[in-house]
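Please work through the exercises below with the sequence and the model at hand. Each task is followed by a solution in steps.

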Amino acid sequence: MTADDSGAASRDTDTEDEAVSNIPVDDPPGVGDEGDENNIAVRLEQLILGADRRYTPFQAARGAGVSMDLAARFWRAMGFADIGQVKALTEADVLALRRLAGLVEAGLLSEAMAIQVARSTGQTTARLADWQIDSFLEGLTEPQDSGLTRTEITYPLVELLLPELEEFLVYVWRRQLAAATGRVVRAQDDAEMVDRRLAVGFADLVGFTRLTRRLEDEELGELVEAFETTCSDLVAAHGGRLIKTLGDEVLFAADDAGIAAEIGLRLIETMAHDETMPELRVGIAFGTVTTRMGDVFGTTVNLASRLTSIAPKDTVLVDQAFAEELGRIGDAPVSEADAAAAEKAAEEGTGAPPPTYRFALQPMWQRPVRGLGVVEPWLLNRRD
């Protein structure tokens with residue numbers, strides 16, 4: 001689509017400019033193998049989209065009852081390039097535009113919010129689609145003993161998988177939506193929905209740049225996939241949320257400092273027992289975080305990143321606010337001296353049984369951190 005609405009009416013159904021996008025344009029028949037592969041690509045597109053190309057962007061916008069400018073902004077927000085006025089869109093594209101515009105007209109979403117919906121959905125599903133093709137279909141479409149080529153295998157395979165993957169995608173999305181809605185409902189006030197107090201942590205592979213020079217591409221890809229898979233599983237299993245992965249680094253968050261502490265230590269312990277993995281370092285901070293489109297921003301996130309960069313290998317560093325929060329919820333002693341005195345009193349029978357703490361905190365030297373001033377990191381460990 002294009003945001004240029006000028007002269008759109010004169011460039012109606014018969015105009016087909018050259019496409020500049022990831023949407024293939026039909027080649028004429030009889031061009032050999034290239035033409036055969038293109039025909040299969042078109043058939044695959046029709047199978048996946050469930051409809052033929054029928055509309056130019058202008059026709060789709062007109063059919064949906066929206067301006068060309070708004071249609072183009074929705075299209076780009078979903079992650080698709082401008083395609084001129086090629087007949088490349090389907091009934092589903094018209095319906096999607098109509099639905100988004102209808103939400104705006106009904107006052108359920110502002111125009112800016114509708115753009116955000118399109119962008120967040122497009123970015124998330126684009127990565128999902130790439131992952132499924134690269135990691136899933138790639139392995140299943142290896143040439144078989146039957147003599148069929150990968151291209152010939154792909155169509156019937158997609159035909160079988162498509163309805164199952166679609167159902168599973170909707171199921172997982174509903175589950176995630178229910179979990180996210182629950183977190184919002186439990187928020188104490190409206191401001192907390194956007195600017196929330198969270199524990200935010202980074203886990204970073206040590207010496208990853210050196211590894212990229214030493215390992216083959218396939219080995220490096222397998223290592224990154226194993227790292228991301230391990231982190232994703234551990235974060236989810238202990239009640240955290242994986243915000244994003246950055247190859248050699250993951251960003252996670254948790255509503256509770258105790259959960260974040262457990263995740264950080266579990267990551268270190270798990271990676272330490274895997275001989276194929278480099279050392280790991282983790283930094284966690286606690287404080288106000290701004291959430292947008294599934295990501296987190298703010299000083300707390302920046303501090304967690306800085307703590308990670310100065311953490312010794314195979315350790316977890318936390319900030320002062322995180323240490324205080326662990327003390328407040330009773331997962332770590334506010335003072336080791338007070339904890340020792342309570343234990344001694346209990347042993348002598350002159351005091352109540354001491355609290356059972358899960359974690360120990362050791363203050364480190366204060367140090368300046370670029371952009372954040374002087375911070376006092378704490379070394380997090382399990383309590384003996």
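The model is predicted, so local features need pLDDT of at least 70 and side-chain atom pairs count only at pLDDT 80 or more, while totals for chains, interfaces and linings use all residues. Residues are numbered from 1 along each chain as its sequence is written, and side-chain values use heavy atoms, with hydrogens and water left out.

**Exercise 1.** Determine what span helix H9 should have at 1.5 Å a residue, and compare it with the distance between its end C-alpha atoms.

Solution. Helices are DSSP runs of H or I with at least four residues, and strands are runs of E with at least two, numbered from the N terminus. The expected span is 1.5 Å times one less than the number of residues.

**Exercise 2.** Identify the buried residues of H9 and the exposed residues on the face turned away from them.

Solution. Buried means under 20% relative accessible area, exposed over 50%, and partly exposed in between (1.4 Å probe, protein chains only). The buried residues are Leu-220, Leu-223, Val-224, Phe-227, Glu-228, Cys-231, Leu-234 and Val-235. They lie on the same side of H9, because they cover an arc of only 140° around the axis; this arc is taken from the directions from the helix axis to the C-beta atoms. An α-helix has 3.6 residues a turn, so residues three or four places apart point the same way. The face turned away from the buried side carries the exposed residues Glu-218, Asp-233, Ala-236 and Ala-237.

**Exercise 3.** Explain why helix H2 is described as largely enclosed.

Solution. Helix H2 spans residues 57-64, and six of its eight residues are buried, so the rest of the structure largely encloses H2. The buried ones are Pro-57, Phe-58, Gln-59, Ala-60, Ala-61 and Ala-64. They pack against helix H3 (68-77) and helix H4 (91-105). Just after H2, Gly-65 has a positive phi of about 75°.

**Exercise 4.** Locate Asp-314 and Val-375, and state whether each is buried or partly exposed.

Solution. Asp-314 sits in the loop between helix H11 (299-310) and strand S6 (315-318). Its relative accessibility is 33%, hence partly exposed. Val-375 belongs to strand S9 (residues 373-375) and is buried at 12%. Among the residues that Val-375 touches are Leu-303 and Trp-365, where contact means heavy atoms within 4.5 Å.
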